[in-house]
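Hi,

Here is the structure I promised to pass on to you. Have a look at it first, and then read my notes below.

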Amino acid sequence: MKLTAKDVVKFIKDNNVEMVDLKFMDFPGIWQHTGKPASEVDEKMFAEGQGFDGSSIRGWQPIHASDMLLMPDPSTMIVDPFYERKTVSIVCNIQDPITREGYSRDPRYIAQKAEAYLKATGIGDVCYMGPEAEFFIFDDVRYSTAQGHSFYFVDSVEAQWNTGRDEKPNLGYKPRYKEGYFPVPPTDASANIRSEMVQVMEQCGIQVETQHHEVATAGQAEIDMRFAPLVEMADKLMLFKYIIKNVAFRKGKTATFMPKPIQGDNGSGMHVHQSIWKDGKPLFAGNGYGGMSETALHYIGGILKHAKALAAIVAPTTNSYKRLVPGFEAPVNLAYSSRNRSASIRIPMYSASPKLKRIEVRFPDPSCNGYLAFAAMLMAGLDGIQNKINPGNPLDKDIYGLSPEELSEIPALPGSLEEALAALEADHEFLLKGDVFTEDVIETWLEYKREKELDLVRKAPSPVEFALYYDI
């Protein structure tokens, strides 16, 4: 049973809660918050909202129309595990204070509209998402860019590049490059901190299925949550990131979801398992390829058709395309297969149970805004179902081992954020159905990414360029 405003107010009083933290998502994908003394919280706050300055949030309101409302969703309340004073945390939607309508650029509202659109189509009534968000745990991170210098430095006690460092003493046991999956401690030096992250997640209502060291050296990790409905999972993904960063921080370490923080080893992806159900029954199980239904194959067709545009939302940073490089670990070729991890869409074959039949989209990464990414993939899949898009033949061999002639026949993801944004600009009609995304949202996304991120990176010399060209 979902909590109501009355339940939250009662909980605050009965449990001597001192502060209430209101959290919401900005446009690019980072949680923001504001706090209130518990004495200021009553049922009226849930109906009337909390005012704030929308012009100070990235990608949102102009200064002459800055007033916005936070509308707390009582069903999301948890006890926040990271404050010294007893605090509950509540996720909010954003409303316009004059019209009292949902704000079109609020990512959570977009995800809610995607769920509503699924039901309106009659195709299904729930879309389950299950992201596998990889991350790195570092011991030190330093970076600076100015007119006269540019550098970054990351370090980890378990990094392979530190085998020769004088650590007084250096005890070895550092995972070799691309060999971090799955050695036991002491080689896996982050096992205990991951276990603590899992424990805190479970205290906050996140059901965890597994945790392990990932392939890369230097503390790459993965913790897998149990799948959940789209908006609920997007909420949990934000809480998941919050917990990982804060547990690492209180242990004197730092965690990042940056897709490619180190060169020469694997980057961090976010494979997203997804399926549609109706009336409590899974719609993706059938007698077709990989045990999939025609509905599931058409969903795959929609993802593949719109993949280049989706990339601008599910792999939305310039750094994403340091990971999505042809011939390396990330799947850039637009093909589907059962079991084959070199395909951009995989059909997991762990179980024959119809309830576990799903697809796994492998090109997203954890730098994305989960609300927007999940909503966009659902909309692409629904377009495939509605238009009966044929995904083509599956590819049941190692794509990385194909000849240049064979490879040339397989379409690929964009090679840069610039290409991905151009693809989204050309192909976004599928996102506008049901007013889920709006033209304003797409235009603002394109403008923000080009002006605030792409142009900044494009104009700045990099240390690699000095290594390549200083003596030219």
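The structure holds 16 aromatic pairs, where rings of Phe, Tyr and Trp (its six-membered ring) pair if their centres lie within 6.5 Å, with planes under 30 degrees apart counted as stacked, over 60 as edge-to-face and the rest as tilted. One of them is Tyr 181 with Phe 182: the ring centres are 3.9 Å apart and the planes sit at 45°, so this pair is tilted. Phe 182 is partly exposed, at a relative accessible area of 47% (buried means under 20%, exposed over 50%, partly exposed in between, with a 1.4 Å probe and protein chains only).

Another pair is Tyr 289 with Tyr 336, whose centres are 5.8 Å apart and whose planes are at 90°, so it counts as edge-to-face. This pair links distant parts of the chain, 47 residues apart: Tyr 289 is in the loop between strand E15 (281-282) and helix H6 (294-305), and Tyr 336 is in strand E16 (residues 336-338). Helices (H or I, at least four residues) and strands (E, at least two) are DSSP runs, numbered from the N terminus. Tyr 289 is partly exposed at 23% relative accessibility, while Tyr 336 is buried at 4%. There is also an aromatic cluster made up of Phe 24, Phe 52, Trp 60 and Tyr 103.

Before you go further, bear in mind that this is a predicted model: local features need pLDDT of at least 70 and side-chain atom pairs count only at pLDDT 80 or more, though totals for chains, interfaces and linings use all residues. Residues are numbered from 1 along each chain as its sequence is written, and side-chain values use heavy atoms, leaving out hydrogens and water.

Now for the helices. The axes of H3 (residues 107-121) and H9 (residues 370-386) come within 8 Å and cross at roughly 20°; axes are lines fitted to C-alpha atoms, for helices over the stretch in contact, and angles run from 0 to 180 degrees between N-to-C directions. H3 and H9 are therefore roughly parallel (angles under 35 degrees count as roughly parallel, over 145 as roughly antiparallel, 65 to 115 as roughly perpendicular and the rest as oblique). Among the residues making the contact are Ala 111, Ala 114 and Leu 118 of H3 and Leu 372, Ala 375 and Leu 378 of H9, contact meaning heavy atoms within 4.5 Å.

Neighbours within four places in sequence aside, Arg 108 is in contact with Asp 73, Thr 76, Val 91, Cys 92, Asn 93, Val 231, Asp 235 and Tyr 371.

H7 (residues 307-314) and H11 (residues 417-426) have axes that come within 7 Å and cross at roughly 120°. Here Lys 308, Ala 309, Ala 311, Ala 312 and Ile 313 of H7 meet Ala 420, Leu 421, Ala 423 and Leu 424 of H11.

Most residues other than glycine have a negative phi, and most peptide bonds are trans. The bond from Lys 168 to Pro 169 is cis, with omega near 0°, and another cis bond joins Pro 185 and Pro 186, with omega about 10°. Tyr 173 has a positive phi of about 55° without being a glycine; this residue lies in the loop between E9 and H4 and is exposed at 54% relative accessibility. Asp 279 has a positive phi near 55° and is exposed, with a relative accessible area of 62%.

Cheers
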